[in-house]
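Please have the sequence and the model open while reading.

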Amino acid sequence: MNCQSCGLPMMIDSDHGGGRADNVYCQYCTDSAGNLKPKEEIREGMINLYMQSFGKLREEAEKEVDIRMAQMPAWV
């Protein structure tokens, strides 16, 4: 199962928000109780990840994140 907010694969219970296997959102897209964080907070985190992990410039990261998020069930 992939996170319905960011698309991250969730392989084990602790990958899911709140550590609950039935949560459709990952640990990064949720608060400690497993509730989905605000869209802008998730977007900013994904932009930072793209810049740090993939060496993207901010503008490029923003475009890629916006495209990805537009395809996610949480944000459609």
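## The largest pocket

By class, ten nonpolar, two polar and three charged residues make up the lining of the largest pocket, where Ala, Val, Leu, Ile, Met, Phe, Trp, Tyr, Cys and Pro count as nonpolar, Asp, Glu, Lys and Arg as charged, and the others, Gly among them, as polar. The volume of this pocket is about 330 Å³. Of the 15 residues that line the largest pocket, Cys6, Tyr28, Gly45, Met46 and Leu49 are the closest to its centre. Helix 1 (residues 39-54) gives the most to this lining, with seven residues.

## Basis of the model

This is a predicted model, in which local features need pLDDT of at least 70 and side-chain atom pairs count only at pLDDT 80 or more, while totals for chains, interfaces and linings use all residues. Residues are numbered from 1 along each chain as its sequence is written, and side-chain values use heavy atoms, with hydrogens and water left out.

## Serine 5

Serine 5 lies in the segment before helix 1 and, at 0% relative accessibility, counts as buried (under 20% relative accessible area, 1.4 Å probe, protein chains only). Leaving aside neighbours within four places in sequence, the contacts of serine 5 (heavy atoms within 4.5 Å) include Tyr25, Cys29, Leu36 and Trp75.

## Cysteines without a disulfide

The structure holds zero disulfides, a disulfide being a pair of cysteine sulfur atoms within 2.5 Å. The sulfur of cysteine 26 is 3.7 Å from its closest cysteine sulfur, in cysteine 29, which is too far for a bond. For cysteine 29, the closest cysteine sulfur is in cysteine 6, at 3.7 Å, again too far for a bond. Cysteine 26 is buried at a relative accessible area of 0%, and cysteine 29 is buried at 3% relative accessibility.

Methods:
Buried means under 20% relative accessible area, exposed over 50%, partly exposed in between (1.4 Å probe, protein chains only). On a 1 Å grid over the protein atoms alone, a cavity is a set of points where a 1.4 Å probe fits but cannot get out, and a pocket is an open set with protein on both sides within 12 Å along at least five of seven lines; lining residues have an atom within 4 Å of a point. Grid points are joined across faces, edges and corners, and a volume is the space filled by probe spheres set on the points. Helices (H or I, at least four residues) and strands (E, at least two) are DSSP runs, numbered from the N terminus.
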